[in-house]
Amino acid sequence: MTILDDLAAIPVVDHHCHIGMDTYQDSRGRLRDADSHEKAYARGYVEARIGPDAYTRWLDAERRQDAAELADLEETCGISGLLQRALRYRETTVFAESLAEGHRFLDAQVGFDYRSPRARSDVRALFDRTLDLVDCPVVLTDVRAMPEELADSPRYRWVMRIDGYLYPFPLGRTGQRGEEVESFTARFRADLQARLNELGLDQAPTSFAAYLEFLTSSIRYVVANGAVGFKIASAYTRSLAFVPRGYREAESAWNRAVAGSFEDRAVYEDYLAFHVLRQIATWRLPVQIHVGSGHGEPGMAYAGARPRLLQSVFDQPEFFGIPFVLIHGGYPYCSETAIMAHTYGNVYLDFSWMPYLHRTHLVSRLNEWLEFLPANKVIFGTDTGLPEMHVAAVRNGRWAVARALERGRSNNLWAGERAVWLAERVLKDNALEIYSELGVAA
């Protein structure tokens with residue numbers, strides 16, 4: 001037997017996914033075709049050929065489903081041809097191969113209809129079967145609110161983004177290339193509105209003190225209603241350099257924002273982030289943090305997405321009890337991510353997203369991390385809300401861990417039972433240990 005054979009018998013806990021997220025669904029609530037997800041990664045190619053203005057018009061028309069505007073853009077820019085060319089160039093990527101592998105695996109399952117509109121309308125049934133196929137008993141899903149069809153199952157556990165709390169004011173467009181900042185700002189605004197609605201509010205309080213009271217009540221509400229962890233995705237919209245601020249300084253910046261001046265927005269955003277983390281610290285619930293890369297289009301400022309910028313948070317004594325998990329391996333700052341996990345006992349890393357973006361690079365990073373970090377520090381995840389990509393990510397993740405362990409064994413590390421034990425830590429036990437609220441036996 002090979003190490004991969006041993007790993008096939010180990011259940012996986014998916015530390016970070018998006019099962020039930022609305023962006024993976026169409027207007028009828030059906031899961032989108034996975035091929036349409038790959039087109040999102042090809043958009044940077046289109047933007048560089050039609051220009052920022054036409055690109056913004058195209059995405060706005062897509063969101064509005066404006067057939068006339070889309071037809072005009074097609075005639076003048078030939079967008080469909082550009083997309084096809086971009087996808088042709090992407091055929092050599094691990095992403096494209098992972099998508100094809102996911103299709104092959106699911107197509108080989110006799111009697112499993114996962115492609116039809118009817119099947120993709122029943123998210124719970126589709127994913128129950130998909131997760132069974134790859135022996136994944138628990139997933140932590142980053143969604144705005146847990147869909148009703150998933151909420152009553154112990155298999156699907158809710159991780160809530162806190163970013164909406166930080167952006168209570170509409171900020172408009174950045175004027176820079178790409179739509180990534182605008183896209184995530186809109187998501188965060190929708191997140192905030194969902195939290196306001198839960199407490200019977202139509203809009204955010206304009207008083208700074210009242211807004212802080214709302215945040216405290218909202219965190220208490222979502223914990224009482226099933227959140228087992230939280231997430232910060234603000235690297236898409238601002239620097240991760242959250243720093244401590246005084247109340248008066250933050251209130252003054254807030255009042256200027258109420259009056260329409262946002263030059264000092266980072267001041268009140270920092271204060272709000274620390275306020276929310278203080279509430280989370282009372283429960284000692286985990287916080288996932290997006291570090292590193294964004295998607296395949298301009299917009300994200302990578303200088304502000306470095307893991308080391310979070311030291312201003314990790315160094316605060318009041319947050320020692322919060323398990324912070326830096327997700328996606330921090331790519332391309334993988335070693336910097338490891339240093340954070342090495343330095344702070346309550347900081348961990350997961351390698352979600354990487355299983356369907358990398359092969360040899362992921363194996364090398366796993367060797368780096370597992371050789372350098374304690375066995376409780378590295379965690380598996382998928383970062384997807386589509387069945388095709390989920391099975392590919394689980395299978396690729398198992399393969400990458402097995403290859404890393406084989407390399408270690410060739411270097412006189414992790415032989416025999418120790419290799420299997422380390423794999424169990426990475427694939428399930430580390431997540432279960434951190435999220436003790438899951439109630440699943442390790």
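User: Angles under 35 degrees count as roughly parallel, over 145 as roughly antiparallel, 65 to 115 as roughly perpendicular and the rest as oblique. How do helix 5 and helix 6 lie relative to each other?

Analyst: This is a predicted model, in which local features need pLDDT of at least 70, side-chain atom pairs count only at pLDDT 80 or more, and totals for chains, interfaces and linings use all residues. Residues are numbered from 1 along each chain as its sequence is written, and side-chain values use heavy atoms, without hydrogens and water. Helix 5 (residues 67-77) packs on helix 6 (residues 79-90) at about 70°, with the axes 7 Å apart. Helix 5 and helix 6 are therefore roughly perpendicular.

User: Which residues of helix 6 does helix 5 meet?

Analyst: Contact means heavy atoms within 4.5 Å. The residues of this contact divide into four nonpolar, two polar and one charged. From helix 5 come Leu73, Glu74 and Cys77, and they meet Ile79, Ser80, Gly81 and Leu82.

User: Which are the edge strands of the open sheet?

Analyst: The open sheet has eight strands in the order 1-2-3-4-5-6-7-8, with parallel pairing; two strands pair if DSSP finds at least two bridges between them. An edge strand pairs on one side only, and this holds for strand 1 (13-17) and strand 8 (378-379).

Terms used: Axes fitted to C-alpha atoms, helices over the stretch in contact; angles between N-to-C directions. Helix = DSSP H or I, 4+ residues; strand = E, 2+ residues; numbered from the N terminus. Nonpolar A, V, L, I, M, F, W, Y, C, P; charged D, E, K, R; others polar.
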